[in-house]
Amino acid sequence: MPKEYKADYRVNLLKANITGIEVTCCGHHLGEMRFQNNEGLICPVCGTHHTVVLQHNHFHIRQNQPVKGDDKI
Ligand SMILES: [Zn+2]
């Protein structure tokens, strides 16, 4: 994993179907998110939430930073 990347998303394909997304953040491999809506992983180093959001013909991979004094994600 090259150090110059803050975050990395490896999207795994099997016969053109996405099976999962492996997330790396802060140099740590956090694991694999299942390709399902609102699946997510939290980086233990920086606290960033990495989430996958599926929509009708596309999907997003989002980062949400923790904000002090705000419990909402
Ligand atoms: Zn991180």
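The model is predicted, so local features need pLDDT of at least 70 and side-chain atom pairs count only at pLDDT 80 or more, while totals for chains, interfaces and linings use all residues. Residues are numbered from 1 along each chain as its sequence is written. The protein chain has zero helices and six strands. Here helices (H or I, at least four residues) and strands (E, at least two) are DSSP runs, numbered from the N terminus.

**The chain as a whole**

- From the N terminus on, the order of elements in the protein chain is β-β-β-β-β-β.
- The protein chain has 73 residues, and 11% of them are buried.
- A residue is buried if 20 or more other C-beta atoms lie within 10 Å of its own, exposed if 12 or fewer, and partly exposed in between, with C-beta atoms placed from the backbone.
- Of the contacts in the protein chain between residues at least 6 apart in sequence, 11% join residues at least 24 apart.
- A contact means that the C-beta atoms of two residues, placed from the backbone, lie within 7 Å.

**The sheet β4-β5-β6**

- Three strands form an open sheet in the order β4-β5-β6, with antiparallel pairing.
- Strands β4 (39–42) and β6 (58–64) stand at the edges with a single partner strand each, so one side of each has no neighbour in the sheet.
- On average, neighbouring strands of this sheet are turned by 15 degrees against each other, direction ignored.
- For such angles, axes are lines fitted to C-alpha atoms (for helices over the stretch in contact), and angles run from 0 to 180 degrees between N-to-C directions.
- Four bridges join β4 and strand β5 (residues 49–55) in the antiparallel sense.
- Two strands pair if DSSP finds at least two bridges between them.
- Leu41 stands opposite His50 in β5.

**Val23**

- Val23 lies in strand β2 (residues 17–25).
- Val23 counts as buried because it has 25 C-beta neighbours inside 10 Å.
- Not counting residues up to four places away in sequence, Val23 touches Tyr9, Leu30, Gly31, Met33, Leu41 and His50.
- Val23 and His50 are 27 residues apart in sequence, and their C-alpha atoms are 7.8 Å apart in space.

**His29**

- His29 is in strand β3 (residues 28–34).
- His29 is exposed, because 12 other C-beta atoms are within 10 Å.
- Leaving out residues up to four places away in sequence, His29 touches Glu22 and Thr24.
- His29 and Cys43 are 14 residues apart in sequence and 9.0 Å apart in space, C-alpha to C-alpha.
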